[in-house]
Amino acid sequence: MSPRAAWRLEALGFSEVYDYKEGKLDWLAAGLATEGSNATRPRVGDLARKDAPVCSLDERLGVVADRVRAAGWNACVVVNDERIVLGLLRQKDFDADRRRAIEEVMQPGPSTFRPHVGAAEMAAFMVEHDLESSPITSSDGRLIGMLRRDDAVAAAHKEHEGHENG
Amino acid sequence: MKEIRRDEVKRLVDAGAQLVEVLPKNEYEEDHLPGAIHLSLRKIETDARTALDPSRPVIVYCWDGA
């Protein structure tokens, strides 16, 4: 649709016309600000905990498990130096031999979610799929943070109450 | 007409480019890029000249490249 509009504008005499081909989806997926009625609704990119624990492929499970538990989490995102998500450790993965490398015990290629997804939508998904936490990433796969289900559900309830009272 | 990516969008907008969303109006009202105006594809020929400054660059976008 946008290329046609761009060509029409050129035909109308606009001399410098560009087509942002990847469009609004790309903008939202990058977690960038928008305007409009949805702009004030809670989104998972705002709710994701930026201080969630991360680890690298070559660390040992025991060291990571201690760090994760000390931080009050039961999951850990495996990232590279660019914070690109490579894998995920969930609670059951911490039961493996503590001497094993993260690369051997992680779940590779975990499901990740984009920051523009609404809190209510995400809360429903996490409840339905029994997910305690989910990684939130930008469109290039970079970790933004970890969303806790409790945070998503609380935000969804707050938004619902706001609608009822407003 | 030239295709551009997100970083170039930001740079051009900072330099004074105008953003135009051509999705349906209800989608624009829910979410649009900061400062973007809405133009319907069907009305672009009648509305563009009044809504846009022809001396400044124009960036058009819809939902995605599909």
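Domain bounds are taken from an automatic or database domain assignment. The structure is a predicted model, in which local features need pLDDT of at least 70 and side-chain atom pairs count only at pLDDT 80 or more, while totals for chains, interfaces and linings use all residues. Residues are numbered from 1 along each chain as its sequence is written, chains are lettered from A in the order in which they are written, and side-chain values use heavy atoms, with hydrogens and water left out.

**Exercise 1.** Describe the interface of domain 1 and domain 2 of chain A.

*Solution.* Begin with the bounds, which are 1-30 for domain 1 of chain A and 38-165 for domain 2 of chain A. The contact (heavy atoms within 4.5 Å) takes five residues from domain 1 and seven residues from domain 2. Next comes the buried area (the accessible area, with a 1.4 Å probe, that two parts lose on being put together, summed over both), which is about 400 Å², with 63% of this given by carbon and sulfur atoms. On the side of domain 1, Leu28(A), Ala29(A) and Ala30(A) lose the most area to domain 2, together 85% of what that side buries.

**Exercise 2.** Determine whether Ala33(A) is buried or exposed, and what Ala33(A) touches.

*Solution.* Ala33(A) counts as exposed because its relative accessibility is 54%, and exposed means over 50% relative accessible area (1.4 Å probe, protein chains only). Finally, when residues up to four places away in sequence are not counted, Ala33(A) touches Trp27(A) and Pro34(B).

Technical notes
Buried means under 20% relative accessible area, exposed over 50%, partly exposed in between (1.4 Å probe, protein chains only).
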